[in-house]
Amino acid sequence: MLEALSAEALKMRTHKATWFLVWMFPIALTIIMLIAIVSGGAGAAPPGQTAADWIENTSIIWFVPNNAVGRYLISAFVAVMFAGEYGWNTWKLIVPHRRRTSLIGAKYALTIILFSISFVLTAAITTGLTFLNDVVTDSPLPAGVGAATLLDAHSKAALAALAPVLIAIGYASLAAVLSRSTIAALVIAIVATSVEQLIFNFGPQLSVHFASVVWPLYHALPGHHIANLAEWIREGAALKREFPGGHVVSIAWTTSAAVLIAWIAALWGGTLAAFKRQDIN
Amino acid sequence: MTVNPRPVLELVNLSKTYGRRGGGVRAVRDVSLSVGSGEVYGFLGPNGAGKSTTIRMLIGLIAPSAGEARLFGEDLRAKPEVLRRVGSLVDGGNFYPFLSGRRNLEVLAKTQGRGADRIEELLDQVGLARDAKRKVKGYSTGMRQRLGVAAALLGDPDLVILDEPVNGLDVAGIQEMRDLIRSLAVDRGKTVFLSSHLLHEVQQVCDRVAIISKGEIVRESTIADLLRQDDGLRIEASPTDVAEAALASRWPVEREGDALIVRAGRAEAPEVVRRLVGAGADLFRLTPEQRNLEEVFLSITQPETDDA
């Protein structure tokens, strides 16, 4: 498995997709923040800024997987990773030499490792540059900001980002293996993510007209469960959404975790099962 | 070439059907063959005959619908690790276009769990040492083919499977490939299983061949036997109809212009002459007619390809 992972890393480290879709986050955020600091556009910290506000500003990267556009970007990288082998016709090069489980496992592992490094790096850079901006603008560091509080807040934000990252990877990888096309995989992943977000964001409104469809979908799709789990991690309480008729959706974190685990197992397991049975012509 | 009868590769009733059982298309049907250690085995067939599907089943890219592929005595499905002893070139070499030739081989070596120590030697052997740093997307078809051969030999395999190895090569490249295939078997004791549509090349390097048509093996033998079976006698006799009638009751006879091609061996020439004389035909010329592999191949597969 380590050998397959090493081969995968060697292959992808110079690929454009890795630069545009993985390293883009730390590079883009560094450039934007440096320009803001140098031009004075970032400005001094607002008066009365709390430690929680300051830390939240530094953890912006962890919110990327929680919105649709962030997940599109993750899906795009996964589509290239998995479906690229069909486009380049290179499964024929590597499949005879290693178990298919190991090849797919290496792709999953590398995706998670790359995004973890990218997000941790981005978070570190953001924190450093936020501190630099305070120094440049002579703003005082809010009381309570320290290594322990930073680490605690970033760990929780990272944990909340885990499920949407894994779901995004699952949509794109399954679509890649079934469609054998990078573009098709990306389109399918975008559609799946958008439908999920649509149902989550507009569930109460849509259920006025389509209650019989929207209500079960709202509970079954990952959207509410991702947000609910994030709410439990950050606030220690369930996310409450009110539906017409006074129905309030409030779900225990264990239920949301179980639903998300089932989704991830189904998407990742489906990818593996489909690839293991697939004829490579 | 020294051939050890111990089979390195055995196919037993190997079949592949695409689509649903009722209306499925049978791409390969009950293919059985056996290749011994140190043998160079040719796998011939017209386009769409099932060669590539069979080769893909041999290297685990396609799952057979029925039958068994055994490599080094092991069932491929039960023990796919046996493919570590196999090197293959399919589709003229498939590589990551954004990586250099050398980096592609490094990726393959890591995938195989091997070191990169043989890469320089192989790049040199296939004549790509100077282009090893260039990205593969800039390679010509022939260069990709040669890189494919290097990839096939990377793990120092005991069995080398080459699907159309001379496609895209120039005359000198074909000569080099022929020498390489020979040396793999003769000098290094490797077993080579190759498909090619260049029958002249196959005739020169292979010990035995199988001919596949419409998914079925229609002939398997040594090259010598295959050509011998199709030996014949070219006869010019008059009246041609009388001569043909006299011989057709005993041997297969074909007309070729004014001449008759009689599928009879050299030893049967006196009997041919006696029959012609007995029938009152005048014999003007009798010469041995030996077909080359291409003619034999066409005679076996042409009627079927015509149907297709």
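Trainee: Which strands form the open sheet in chain B, and in what order?
Mentor: The model is a predicted one. In chain B, six strands form an open sheet in the order β6-β7-β8-β3-β9-β10, with mixed pairing. From one strand to the next, the twist averages 15 degrees.

Trainee: Why are β6 and β10 of chain B said to stand at the edges?
Mentor: Each of β6 and β10 of chain B has a single partner strand, so one side of each is left without a neighbour in the sheet.

Trainee: How do you know that β9(B) and β10(B) pair?
Mentor: Pairing requires at least two bridges between the strands. Six bridges join β9 (residues 208–213) to β10 (residues 216–222) of chain B, and these strands run antiparallel; therefore they count as paired. B:Val209, for instance, stands opposite B:Ser221. The two strands form a hairpin with two residues between them, and B:Lys214 in the turn has a positive phi of about 50 degrees.

Trainee: Why is α3(A) called roughly parallel to α7(A)?
Mentor: Helix α3 (residues 24–39) and helix α7 (residues 100–136) of chain A pack at an angle of about 5 degrees, with their axes 9 Å apart. Angles under 35 degrees count as roughly parallel, and therefore α3(A) is roughly parallel to α7(A). The residues of α3(A) that meet α7(A) include A:Phe25, A:Leu29 and A:Met33. By class, this contact has twelve nonpolar, five polar and no charged residues.

Trainee: Which residues touch the most other members of the largest nonpolar core?
Mentor: That core has 138 residues, and A:Ala185 and B:Val192 are among those that touch the most other members. Helix α8 (residues 147–179) of chain A gives the most to this core, with 16 residues.

Trainee: How many residues does each chain bring to the contact between chains A and B?
Mentor: Chain B brings 27 residues and chain A brings 22 residues. On the side of chain B that touches chain A, α2(B) supplies the largest share, six residues.

Methods:
Residues are numbered from 1 along each chain as its sequence is written. Chains are lettered from A and ligands numbered from 1 in the order in which they are written. This is a predicted model: local features need pLDDT of at least 70, side-chain atom pairs count only at pLDDT 80 or more; totals for chains, interfaces and linings use all residues. Two residues are in contact if their C-beta atoms, placed from the backbone, lie within 7 Å. Helices (H or I, at least four residues) and strands (E, at least two) are DSSP runs, numbered from the N terminus. A nonpolar core is a set of buried Ala, Val, Leu, Ile, Met, Phe, Trp, Tyr and Cys residues joined through C-beta atoms within 7 Å. A residue is buried if 20 or more other C-beta atoms lie within 10 Å of its own, exposed if 12 or fewer, and partly exposed in between; C-beta atoms are placed from the backbone. Axes are lines fitted to C-alpha atoms, for helices over the stretch in contact, and angles run from 0 to 180 degrees between N-to-C directions. Angles under 35 degrees count as roughly parallel, over 145 as roughly antiparallel, 65 to 115 as roughly perpendicular and the rest as oblique. Ala, Val, Leu, Ile, Met, Phe, Trp, Tyr, Cys and Pro count as nonpolar, Asp, Glu, Lys and Arg as charged, and the others, Gly among them, as polar.
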